[in-house]
Protein chains: 4
Amino acid sequence: ELSTPATPGTSLDLRGIFPPLATPFTARGEVDYGRLEENLHRYARIPFRGFVVQGSTGECPYLTPQERLAVLSCVRQALPPDRLLLAGTGCESTQGTIAMSLSVAEAGADAALVVTPCYYRGSMTSAALIHHYTQVADASPVPVVLYSVPANTGLELPLQAVLTLSQHPNIVGLKDSGGDITRLGLIVHKTRMEDFQALVGSAGFLMAGYAVGACGGICALANILGAPLCELERLCHEGRWQEARDLQLRLIEPNAAVTQKLGIPALKQAMEWFGYHGGSCRAPLRPLNEAEVQELRRDFSANGWL
Amino acid sequence: ELSTPATPGTSLDLRGIFPPLATPFTARGEVDYGRLEENLHRYARIPFRGFVVQGSTGECPYLTPQERLAVLSCVRQALPPDRLLLAGTGCESTQGTIAMSLSVAEAGADAALVVTPCYYRGSMTSAALIHHYTQVADASPVPVVLYSVPANTGLELPLQAVLTLSQHPNIVGLKDSGGDITRLGLIVHKTRMEDFQALVGSAGFLMAGYAVGACGGICALANILGAPLCELERLCHEGRWQEARDLQLRLIEPNAAVTQKLGIPALKQAMEWFGYHGGSCRAPLRPLNEAEVQELRRDFSANGWL
Amino acid sequence: ELSTPATPGTSLDLRGIFPPLATPFTARGEVDYGRLEENLHRYARIPFRGFVVQGSTGECPYLTPQERLAVLSCVRQALPPDRLLLAGTGCESTQGTIAMSLSVAEAGADAALVVTPCYYRGSMTSAALIHHYTQVADASPVPVVLYSVPANTGLELPLQAVLTLSQHPNIVGLKDSGGDITRLGLIVHKTRMEDFQALVGSAGFLMAGYAVGACGGICALANILGAPLCELERLCHEGRWQEARDLQLRLIEPNAAVTQKLGIPALKQAMEWFGYHGGSCRAPLRPLNEAEVQELRRDFSANGWL
Amino acid sequence: ELSTPATPGTSLDLRGIFPPLATPFTARGEVDYGRLEENLHRYARIPFRGFVVQGSTGECPYLTPQERLAVLSCVRQALPPDRLLLAGTGCESTQGTIAMSLSVAEAGADAALVVTPCYYRGSMTSAALIHHYTQVADASPVPVVLYSVPANTGLELPLQAVLTLSQHPNIVGLKDSGGDITRLGLIVHKTRMEDFQALVGSAGFLMAGYAVGACGGICALANILGAPLCELERLCHEGRWQEARDLQLRLIEPNAAVTQKLGIPALKQAMEWFGYHGGSCRAPLRPLNEAEVQELRRDFSANGWL
C-alpha cells in the first residue's frame, strides 16, 4: 500500500474527494435551493470527504454576494457534520477576500478556498501574491487552501510562492488545476516538511496525482461520477494500481467533456442523466446544441458510463 | 487633412481623448473624493472629449458596487455638462452587467463601457459573446461601447462578433486595447457602413490608430500627459503627420512604463510628478520599489517629459 | 510630405517594397526555374526596390542547400542590376548561418536576411542572440538585415537585442513581421541616431509602419498585388494619407488570406489569378480544398481586386 | 506488479530507458568521436534499452547532414547488438524526412524518430501532419516513432492525428515531451487495441507516465543519471510505487535544471561531474555563467546526487 503523506498536527485533514457543487437554478433563473438539497441528499451515500461551494463549477462569478452566502448556509445545513465544507472566497482585492473569508467562516465553512486574483495579471508577481495570501491567511478564522487554475485565470501561482506560503500556519494546502504533474510532484517534494496538502484539481490526472503524493481531489466530475472517483481513490490508497489505471483511463474523456471541452452546461446536462438536478446555466453561458449533446453522450457511453 | 470617419446620425460622438480616471485613496484606503475632484478640476483645462470611470485604470475590480456608483456621481457632478462620461459596467454575468448599466445610466453616465466577460473563457465563444452584448445593449438606457482588453482578460473579442454587434442600434463603438493595428484597420473597414466608432485603448499606438481610421482614444497615459495626447490628436486631425510622429514616438516608453511594464502603481506615482493626486493602490497591487521608481523616472525623462 | 528617416552614409538603401519570392515547382516537384524567370520578367514592370529569396514565402525550409543557391543565381541573373537582392541565410547554428551568408554573397546577393534561430528557444536569450548576430555580421561580406517572425519561430527578437545590434556597422536594418506597431515605432525612435532601417514584414500594417517611420516593406502579398503596394508606398511618401488609408484597408483581407489564414498554398493559388506562376507547394504543405479556394476568392473580390 | 501494456506482434519492443545522446565537441568545435565512444563505453554498464541519436539533446540542428550520419555510424559500431538505436530524421519537408530515414536505416538505425515539422505551424493541421507521417512511414525501411515536443516546436501533434497514425503498421509509438499526463493517459487508452507504445519524453514525469501506461522513456537526464532512471523503471515495473515516488521526486529538479531551466549547456556541464564527456556546445548556445553553474550544482546536491 502506498500511504499518502502523513500530516500529523494538521488541523484539517483534506484526504479524499470533494465535489465542487454545481448550482441548480429555477426556470426563472433563481437559485433552486430545493434541488440543491436533493442533490446533497443523493451525494450523502457517496464517501466524499467533503464539498466545495463557490468554486468555478458553481458559477460563483454569476452569483451575488447574498446568493453565495445563502448557498453556503443551505449546504452546511444539509450536510452531516463529519463532511468538510470548503468555500471559495477569492476576490480581486485583498480586502474583499478577507471580508468574504470572515463571512463564510461565520456561515459554517471549514476552510476558505482562495483563487489567485488575476485581473491585473501583469502585476501579480510572486511577491504580490505572497503578500495577498499572507494577509488573507492572517485574517481568516478558518484555514486557507490556495487555488491555482490557469485555464480560468490565465495565471499560475508560482512555485516559489507556493513554497513560501506553505509555511504559513493557517495555509493548509493547494488545489492545483493546472495539470502539470511534474510541478505537482515538485510541490509535494519541496513541502514534505510542512503540514501542507496537495489536492488535484481535475479528475483527468487524479491517479497520477496520487502517484506523486497528492492527498485528494476537488473534481468537477464528482458531481456526476462521484462513486467511481471515490473508488479510484480507494484503489490508489490500497496500492491496486493496475485496477486504478483501468478506471482512471475511462474517466479522462467524460471529465474533459464536462470541463475544458464543453464546460458547465455539459456538466449540468450529464448530471441529469445520472439522476441529479443540473438544469441550465446563467448567461453568458449558453445551452448545448444538439450536436454537442450527442458528443457529450458519446464521451460517456464510449467509456462504459452510459 | 485626414478627416476621421463621418458618423452622421450617431447619437454619441466619441471623437477625442478620454482618460480612464485613476481612483485616489486616503491613507486608510478609502476612496478620496476630494482629491478626485481636484484632479478633475485640473483636467478641466485640457480639451478632453470626456472621461471614463470604472475602467481597469481606476482599480474598478477593487471597488465595492457602492463605491463604484459614488465615484461616478462624484465625477458627474464635477464635470462640465459638455464632457462625456463613460462608465465601465462589465460583470461576468449578463444579468449583473445589465443591472450595473441601469445604475450608471441613472447616475448620469452617457454610455456604458462593457468589458468582455472572461472567467469561463473556454465557453466565451463568438456566439456567447454576441448573445451577452445583445442582451446588454437591448436593456441599457445608454449606448454601449464594447471593450476588448486581452492583456487583462486573456480573451480577444472576436472580429466576427464585433462586426455583428456593430449593427446593433445601441452599440456605438469599440475600445480595443489589444494593439493589433491590422485588426483595428480591418474593423474600421468592415464597419464603414455602420455608425460605429473605434477607440484606441492605449497611447502607444494612438497615431497609428488615427492613421487607419480610429476616432479617438481611451488612454491611461492621459491621466498624466493629457495635453500632449490631445495635441497628438489635433496633429493627426490636421494631417500634420511628421509632427505627430515625433510626438507619438516620445510617448511610447512613458506609456509602456505606466501600463504593461509597471502598472497602475507607476501610473499613480507619475501622476504625482505632474501635479495630480495619485497615491497608493489597493492590495494586492504593491508599491513600486526604489529601482522601479528610478526606471519609471528614466522612461519619462529620456523622452523629454521630466 | 512625410519624409522617411534620412539614412546618410548607409551603404544600402532599403527604402521601398520587396516581394519575398515564391518558388514555383514543376509537376514532379522540381524547382521550375523557367517559370520563376517568367514571374521576374513580369515583376520588372513594377517599381519594386528589390527582391528577397530564401524567405519563408519561398518555402526555403523545403529546399536543399543546392537548390537555394541555384534559385539565388537564377534570380540574380534575371534582375536588372539596380534592383536589390536579399537572401535569407538564417540557420539554427551560427556556423551554418555564416557559411550560408558567404555563399549568397558570392552568388550575388546584396544583403543577408537572417531569421532568429529558434529551435532551442528557451536558451535563445537576448545575450545569445546578440552573440549570434554579431558573429554573423562580423563574418558576412554583405550587410545583414535582422529578421523577427514570431508566427513562424515562436520567438521575438527582443527589443534590447535589436537596439544593441543596430550599432553594428554591418547590420543595416530589421524586418519585423510581428505586427506590433508600438514596438516598431519604438525601434524607429530608439535607433534614430543609427543607420538602421525598419522594414515592415507584412502588407497588413504597411501604412501604419510608414506612419511611425518604417522605410519599406517585405510583403508576401507583393507576389500578387505588387503594383498596389508600390502605390501605397508612394501615397505614404507624398503625404496623401487619406488615399493611402483607403488603399491599405482594402489590402488587409487579401493579405491575411495568403498569410496566416490559408498560407502559401493560397498565395500560390492567387498568383495564378493575377497572371503569375504559382502552382503547388512541397509537402507537408497541402493544396487548398474547394471551400478554401472560394474563401480566398471572396477575400480578394470583396475588396475589389477580382 | 503493474505490467506494462502487452505488445504482442510488435516488431520493435521499446520498453525501457533511452538516453538521447549528447554530442561532445573538440576544442575546435568538431564532433569528438573518441569521447562519444568513451561515453558509450561507460553507458554499456547501465541497463538501457537503447539510445537515441539526432535528438534535440544531441544538438542535431547544429550538425551537418554528414556529421549526423557519421555520429550514427560511430554509435552503431560502439553498441552491443542487443541495444536499440533510434535516429532522429525529422526535417521540415516530407521529402527530406524520407531521405534521412532511408539514410539512417542504411547506417544501422533500428527506428526513425520523427519530430513534427513546424516552421509553417499555421498550416500544420492534423490533416497535413497525418499526410506527412503516412508518407514517411510508407517509405521508411525501419519503424517510425512519432515525436511531439511543443517546447521546441511550438506545436503539439494533435491527439486525433496520433490516433489515426497509431493504426499505420510501420508506426510503432510516440515520444511525447509535452508533459500533459492526462493526454498521455488518453493516448494509451485510445490506442490500447493497436501495437502502439507511448514513451515519456522527460524524466520529470516518468513515474506518472508509467502509472498511466507508458512503456518507457527517452530522457535527456539519462545522459547523467542513467542508473537511477533505470532503477525507477524497475521499481515501477515491480509495483514498488512508494520507493518509486521517493526516487522520482528527487529527479525533478535535476531534470528541470538540464532541460527547460538551463538547457543543453547545463546538461553537458553536469555530465562532467558524473564522469562523462560533456564539454561545450555549438553557438548560438552559450556557456553557463558562474551563477548558473552554482544553481545547477545546487539542484543536484539538494536532492542528494552530489
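Visitor: In which sense do strand 2 of chain B and strand 3 of chain B pair, and over how many bridges?

Guide: Strand 2 of chain B and strand 3 of chain B, the latter spanning residues 84-88, pair in the parallel sense over four bridges. This is a predicted model, in which local features need pLDDT of at least 70 and side-chain atom pairs count only at pLDDT 80 or more, while totals for chains, interfaces and linings use all residues. Residues are numbered from 1 along each chain as its sequence is written, chains are lettered from A and ligands numbered from 1 in the order in which they are written, and side-chain values use heavy atoms, with hydrogens and water left out.

Strands here are DSSP runs of E with at least two residues, helices are DSSP runs of H or I with at least four, and both are numbered from the N terminus; two strands pair if DSSP finds at least two bridges between them. Within the pairing in chain B, Phe51(B) stands opposite Leu85(B) of strand 3.

In chain A, four bridges join strand 2 to strand 3 (residues 84-88), the two running parallel, and Val53(A) stands opposite Ala87(A) in strand 3 of chain A. Helix 2 (residues 65-78) of chain A lies across strand 2 and strand 3 of chain A, at about 175 degrees to strand 3.

Turning to the neighbouring chains, contact (heavy atoms within 4.5 Å) between chain A and chain B takes 33 residues from chain A and 33 residues from chain B. Buried area is the accessible area (1.4 Å probe) that two parts lose on being put together, summed over both; for chain A and chain B the value is about 2,600 Å², of which carbon and sulfur atoms give 58%. Of the area that chain A buries against chain B, Tyr119(A), Tyr120(A) and Pro284(A) supply 27%, more than any other three residues.

A salt bridge is a side-chain nitrogen of Lys or Arg within 4 Å of a carboxyl oxygen of Asp or Glu, and across the interface of chain A and chain B the rule finds zero salt bridges. The interface of chain A and chain D has a count of two salt bridges; in one of them the side chains of Lys190(A) and Glu253(D) meet at 3.0 Å, N to O.

At that interface 27 residues of chain A are in contact with 26 residues of chain D, and the buried area is about 2,300 Å², with 64% from carbon and sulfur atoms. His189(A), Arg245(A) and Leu249(A) supply 23% of what chain A buries against chain D, more than any other three residues. Finally, no contact joins chain A and chain C, whose closest C-alpha atoms lie 18 Å apart, and no contact joins chain B and chain D, whose closest C-alpha atoms lie 18 Å apart.

Conventions
Axes are lines fitted to C-alpha atoms, for helices over the stretch in contact, and angles run from 0 to 180 degrees between N-to-C directions.
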